[in-house]
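Please read the following report alongside the sequence and the model. It takes up the aromatic rings, then a charged pair, then the surface and the chain as a whole.

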Amino acid sequence: MKKLVTAAVLLVASSAAFAEAPGGPNCGWGNMLFNGDSGIGPHFGASTTNGTSGNATFGMTSGTNGCSTDGKITYGGKAMLNTMLDEFSADVAVGQGDALTAVAVAYGVAKEDRAAFASLAHSNFSTLFPSENVTAEEVATNLETLMKGDAQLSKYVI
């Protein structure tokens with residue numbers, strides 16, 4: 001059941017994290033068709049249109065359809081921490097758990113490095129959570145700083 005809840009949180013958080021998409025934010029016919037619309041329906045429609053017709057891929061390779069490969073691909077997975085900060089802090093305190101694994105996955109930490117990620121978070125609990133009122137953004141910033149300083153995990157943060 002925990003895995004189902006974690007998967008649902010990841011799905012909702014990833015759909016809420018509107019980072020720049022590959023090819024740019026205006027790439028593809030789907031973006032043209034749903035231009036100016038907001039909400040899950042139009043975002044899903046634009047993504048489906050771009051994915052099923054392959055026009056975004058064509059646009060990226062040819063420089064058409066509003067697409068460009070000049071920008072840096074980003075991921076806004078930090079928003080996920082907002083939805084599960086309590087669970088994440090509990091997992092960090094014990095050094096294991098589904099929320100801790102979900103955050104590792106969101107950062108792209110490979111399976112073989114997740115034990116190191118869990119250990120780093122656990123051993124630095126007071127750095128990640130310096131007060132009861134810490135925000136998810138502060139936790140993410142603290143986590144990324146710790147990861148940057150770790151030889152094994154630095155490859156997962158910019």
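## Aromatic rings

Phe129 is buried, with a relative accessible area of 11%, where buried means under 20% relative accessible area, exposed over 50% and partly exposed anything in between, computed with a 1.4 Å probe and protein chains only. Phe88 is likewise buried, at a relative accessible area of 0%. The model is a predicted one, in which local features need pLDDT of at least 70 and side-chain atom pairs count only at pLDDT 80 or more, while totals for chains, interfaces and linings use all residues. Residues are numbered from 1 along each chain as its sequence is written, and side-chain values use heavy atoms, with hydrogens and water left out.

The structure holds two aromatic pairs, a term for rings of Phe, Tyr and Trp (its six-membered ring) whose centres lie within 6.5 Å, with planes under 30 degrees apart counted as stacked, over 60 as edge-to-face and the rest as tilted. Phe88 and Phe129 make up a tilted pair, with 6.1 Å from centre to centre and 50° between the planes. This pair links distant parts of the chain, since Phe88 belongs to helix 5 (residues 79–94) and Phe129 to the loop between helix 8 (125–128) and helix 9, 41 residues apart. Through ring pairs, Phe88, Phe125 and Phe129 are linked into a cluster.

## A charged pair and its surroundings

One salt bridge is counted, the rule being a side-chain nitrogen of Lys or Arg within 4 Å of a carboxyl oxygen of Asp or Glu. The partners are Lys155 and Asp113, whose closest N and O atoms are 3.4 Å apart.

How does the accessibility of the two partners read, buried or exposed? Lys155 counts as exposed, at 59% relative accessibility, whereas Asp113 counts as buried, at 6%. Asp113 also has a polar contact of 2.4 Å that joins its side chain to that of Tyr156; such a contact is a pair of N or O atoms within 3.5 Å, where within protein one must be able to donate a hydrogen and the other to accept it, and residues adjacent in sequence count only if both atoms are side-chain atoms. Leaving aside residues up to four places away in sequence, Asp113 touches Gln152, Leu153, Lys155 and Tyr156, contact meaning heavy atoms within 4.5 Å.

## A nonpolar surface patch

Trp29, Met32 and Leu33 form a nonpolar patch on the surface, with about 370 Å² of accessible area together. Patches are made of residues with over 30% relative accessible area and no salt bridge, like charges being joined within 9 Å and nonpolar side chains (Val, Leu, Ile, Met, Phe, Trp, Tyr) within 5 Å; the areas come from the Shrake-Rupley method with a 1.4 Å probe, and for residues only the protein chains shown count as cover. Leu33 is placed in helix 2 (residues 29–33) and counts as exposed, at 58% relative accessibility.

## The chain as a whole

The chain has nine helices and zero strands, helices (H or I, at least four residues) and strands (E, at least two) being DSSP runs numbered from the N terminus. In helix 6, the buried residues are Ala99, Leu100, Ala102, Val103, Ala104 and Ala106, and just after this helix Gly108 takes a positive phi of about 80°.

Of the 158 residues of the chain, 33% count as buried. The chain exposes about 9,400 Å², of which carbon and sulfur atoms supply 58%.
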